[in-house]
Amino acid sequence: MTHTVKIIINDQIYEVPAGMNLVDTAKWYAGDDIPVFCYHPKMEPVGMCRMCLVEMGTIEKDRATGQVVLDESGQPKVRWMPKLQTACTTTVSDGLVIRTQTQQVEDARQNVVEFLLTSHPLDCPICDKGGECPLQNLTMAHGPGVSRMEFSDKMRLDKHVPLGDLIFLDEERCIQCARCVRFQDEVVGDDVLAFHERGRSLQIITNSEPGFDTYFSGNTTDICPVGALTTADFRFGARPWELTEVPSICPHCPVGCNISLSTRLDRDFGGKTLIKRVMPRQNEMVNEIWICDKGRFGHHFSRSEDRLEDPLVRERSGSLFAKPWANALAAAAEALKAAGDDVAALAGSGMSNEDLWALRQLVAGLGSQRLGAWPPTHAGAEVAAQVGVGAGTNLGQLGRGDVVLVIASDLEEEAPIWRLRLKQAADRGAFLLVMNARPTRMDDFAAQTIHYETGAAVQALQALKDTDTWKHLAEARNLVIVAGAEGLSLDGSRALAGAAANILLETGHVGKANSGLLAVLPGANAMGLHYLGFTPEAALDIMHNPPKALIVAQADLLLDDPAAAQWLAKVETIISLDLFASELTQRFAAVALPIQSFAERDGSYVNGERRVQRFYTAQGPMGQALPAWQALSRLGEQLGQGRAKLSAAAMMVEIAQNVPAFAGISFKELAKVERQYPDVGGKDLYYGGTAYRNRGGLGIQIPTAADQGQTIPPFDVTAVETPKTRGKLVIVPSVRLYNRERTFRPSTPVHARVPEAYAEINSADAKKLGIQDGDTVEIIVQNAPALRVRAHVNGGAPKGTVIVPRHLSDTAAPLAVTVGEVSKAEG
């Protein structure tokens with residue numbers, strides 16, 4: 001139970017939690033916004049700017065009796081401190097008294113603002129921060145109104161300093177609050193910014209190569225209280241008051257970050273509504289107020305010139321021709337009827353729940369149940385549905401006494417915000433155990449790191465019971481196991497999820513908040529795929545036993561699987577629903593239907609923590625593209641499967657009626673919000689920055705079987721053997737956050753950070769093969785074209801293993817762990 005104390009703010013008594021920061025307390029309980037520049041509720045206080053000065057005292061108590069001393073009027077006597085005190089460095093205790101609205105306090109605030117403006121440029125009309133600038137707002141509220149400074153004394157500094165490829169610094173605007181430096185150090189753990197020089201010459205610099213080398217740089221522009229830091233893709237792009245904010249969900253990874261799409265009508269987009277920038281939207285259960293740079297800068301695909309804008313039908317000549325929707329749907333329906341019940345579907349995790357339900361209904365109406373989840377690389381969703389993190393889980397609450405185990409996953413690259421939040425859990429005292437076959441970024445924050453042989457994740461996890469580490473797991477207040485699939489086959493990842501679940505069951509860490517399994521699945525809606533009946537096992541079966549007719553929905557098969565062309569050639573008819581005129585469309589599709597991106601329609605995703613979250617229509621549609629659910633529903637109508645649905649909301653109603661996991665869920669319920677701590681996103685932008693208040697919904701978490709009180713039997717776990725090498729090397733595909741996936745290619749501001757295709761080779765293996773760092777090498781695996789990449793001989797790969805990041809070239813890297821030959825390329 002929280003211990004509370006009584007304090008007095010401006011003559012009003014409040015009962016508040018003991019030890020709470022005074023600035024936060026005044027705002028949350030008293031509605032008193034104490035102005036700040038350097039303080040931020042997500043970081044440690046430093047008291048640098050002095051903007052939060054208040055009158056402060058304590059109620060006097062008799063030392064002998066401990067009784068409150070009363071004054072002549074019978075009121076408690078207050079012992080006031082002789083000088084103003086910084087509220088941000090004060091935590092509340094019983095008997096604390098403050099005044100925030102006296103003349104002395106107002107004079108102090110005016111003085112601070114006046115000093116900050118001595119050399120601040122008067123360029124508000126052209127500043128990107130103008131209209132949402134804390135300094136601008138606080139100057140209007142507390143500034144002197146006129147300047148007493150000599151213009152000739154003004155410091156003149158550089159106005160356009162690239163800290164990296166994505167963030168620019170205006171040195172004249174910087175007020176040295178250190179928020180950006182502290183964020184990178186305290187919150188992220190990437191200490192890539194620093195102060196340089198002293199006094200009035202003090203400036204922010206980057207001390208990394210390449211500059212500002214982090215996946216979280218854009219957040220510094222949100223928390224900067226002035227216009228000193230701006231992003232490359234929004235700089236001089238629009239004025240804040242011209243923008244309309246639309247709630248949405250990031251489509252790139254399983255975290256499901258809540259975002260706000262800043263839109264406006266744009267002449268360069270044909271007068272339609274266009275996304276100008278992506279901002280974080282507060283959801284303390286999911287991403288707090290942070291997003292990674294891929295989520296921030298990876299929206300340009302929604303209006304890419306490569307988008308498929310018209311339905312295409314392949315005629316007898318073999319060429320594709322644009323057709324009206326009615327003709328394309330008729331052609332697709334005819335092809336599906338001809339296939340009878342020998343029909344299957346492959347769906348990518350960019351498909352919304354509404355899309356997946358429409359696709360499931362269509363396939364079922366044709367007499368088939370072959371529903372594949374793409375890519376077929378990660379099992380574990382079915383285990384997470386039973387023993388996943390409990391209802392009410394908030395990674396931000398993990399700390400001392402808790403244990404987090406991360407295995408077979410490079411979270412920095414696969415789920416960056418989970419990496420950030422678990423790093424902070426470790427800072428708060430949680431025991432962080434990281435297990436992988438190779439070093440990852442997460443190792444830097446771990447209390448213990450265990451490296452196992454490639455493919456031996458299950459054995460390594462089971463072996464913990466015979467080590468001293470087991471005591472940490474067994475005695476933990478809360479235990480979260482984060483399980484990925486790196487270095488594992490589909491069977492191996494299923495075995496790993498089961499082994500993790502068995503540990504959770506044995507130690508009693510299921511069916512409760514802040515404990516359970518967290519599966520690192522690919523894409524934004526992998527859990528939605530599971531709940532709606534799509535499985536990676538079915539996808540493998542489709543690959544090995546191709547149907548007569550295959551519906552491919554937002555799955556880039558040829559870019560993902562080097563062997564895809566071989567098995568796709570055995571399919572008689574392929575109907576593609578895609579965002580792009582991809583190679584699959586050009587080479588194989590009989591009918592290609594253009595579908596809308598997440599930004600152009602309403603829908604919902606289920607994130608890795610099983611939270612169903614809603615996104616809203618933000619941007620004008622591209623060409624004749626339709627929401628996938630609508631295209632599929634209309635196709636079903638052509639096949640005599642009933643009337644097409646009219647809205648995504650209607651689709652969700654039907655899902656809730658037929659899929660038990662979604663019972664009681666509707667768009668109205670998903671849109672519900674409540675006040676969150678800290679209370680950011682209001683008019684007081686100086687407090688939390690420009691992260692937006694959540695007005696689009698906090699989502700609903702699907703309960704696990706354990707949450708519902710069901711008895712979960714132990715999982716049958718059979719350790720999967722590593723591939724027999726027979727003198728070859730084990731080829732392990734890995735994930736890079738910045739890559740050349742089709743949905744990330746149009747994001748040109750980030751191109752400089754996308755590495756060229758490479759493979760990490762162990763130094764002993766490289767020496768044996770005559771390969772040096774930087775050489776071009778050729779990787780050959782069975783049933784796949786040769787892959788040419790640059791060799792990185794840097795200790796990143798275990799002996800006998802080659803790490804090959806996927807999606808870094810137009811040639812597909814292996815889809816799953818395999819064996820192959822590596823040689824120095826000729827010529």
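How many of the 10 residues of helix H4 (residues 179-188) are buried? The model considered here is predicted, so that local features need pLDDT of at least 70 and side-chain atom pairs count only at pLDDT 80 or more, while totals for chains, interfaces and linings use all residues. Residues are numbered from 1 along each chain as its sequence is written, and side-chain values use heavy atoms, with hydrogens and water left out.

Helix H4 is mostly covered, with eight of its 10 residues buried. Buried denotes under 20% relative accessible area, exposed over 50%, and partly exposed the range in between (1.4 Å probe, protein chains only). Helices (H or I, at least four residues) and strands (E, at least two) are DSSP runs, numbered from the N terminus. The buried positions of H4 are Arg179, Cys180, Val181, Arg182, Phe183, Gln184, Val187 and Val188. These buried residues pack against strands E9 (193-196), E10 (203-206) and E11 (229-231), and against helices H5 (218-223), H11 (416-427) and H23 (685-688); contact means heavy atoms within 4.5 Å. Just after H4, Gly189 adopts a positive phi of about 90°.

In helix H21 (residues 648-658), the buried residues are Ala648, Met651, Met652, Glu654, Ile655 and Ala656. Their packing partners are helices H8 (353-365), H20 (628-638) and H22 (667-670), together with strand E27 (603-606).

Two strands were examined for burial and pairing. Strand E24 (residues 549-553) is largely enclosed by the rest of the structure, because five of its five residues are buried. In a regular strand the side chains alternate between the two faces of the sheet. In E24, Ala549, Ile551 and Ala553 point one way, Leu550 and Val552 point the other way, and all are buried. Two strands are taken to pair if DSSP finds at least two bridges between them. E24 pairs in the parallel sense with strand E17 (residues 343-348) over five bridges, and Ala345 has Ile551 of E24 as its bridge partner. E24 also pairs in the parallel sense with strand E25 (residues 573-578), over five bridges. In this pairing Ile551 stands opposite Ile575 of E25.

Strand E34 (residues 801-805) is likewise mostly covered, five of its five residues being buried. Thr801, Ile803 and Pro805 are directed one way from E34, whereas Val802 and Val804 are directed the other way, and all are buried. E34 pairs with strand E30 (residues 729-734) in the parallel sense over five bridges, with Ile731 opposite Val802. The pairing of E34 with strand E31 (residues 758-761) is antiparallel and comprises two bridges; here Glu760 stands opposite Ile803.

Several loop positions were also considered. Asn21 lies in the loop between strand E2 (12-17) and helix H1, and counts as buried at 11% relative accessibility. The Asn21 side chain reaches the backbone nitrogen of Val23 at 2.9 Å. With neighbours within four places in sequence left aside, Asn21 is in contact with Tyr39, Pro45, Ala87, Cys88, Thr90 and Thr91.

Val46 is located in the loop between H1 (22-30) and strand E3 (53-59), and its 36% relative accessibility makes it partly exposed. Val46, Met48 and Phe195 form a nonpolar surface patch of about 220 Å². Patches are made of residues with over 30% relative accessible area and no salt bridge, with like charges joined within 9 Å and nonpolar side chains (Val, Leu, Ile, Met, Phe, Trp, Tyr) within 5 Å. A salt bridge is a side-chain nitrogen of Lys or Arg within 4 Å of a carboxyl oxygen of Asp or Glu. Accessible areas come from the Shrake-Rupley method with a 1.4 Å probe, and for residues only the protein chains shown count as cover.

Met149 lies in the loop between helix H3 (134-142) and strand E7 (161-162) and is partly exposed at 36% relative accessibility. The C-alpha atoms of Met149 and Phe115, 34 residues apart along the chain, are separated by 9.5 Å. Met149 touches Glu114 and Thr118, residues up to four places away in sequence not being counted.

Val673 occupies the loop between H22 and H23 and counts as partly exposed at 43% relative accessibility. Leaving aside neighbours within four places in sequence, Val673 is in contact with Asn694, Arg695, Gly696, Gly697 and Leu698. The C-alpha atoms of Val673 and Val105, 568 residues apart along the chain, are separated by 35 Å.

Note on methods
A polar contact is a pair of N or O atoms within 3.5 Å; within protein, one must be able to donate a hydrogen and the other to accept it, and residues adjacent in sequence count only if both atoms are side-chain atoms.
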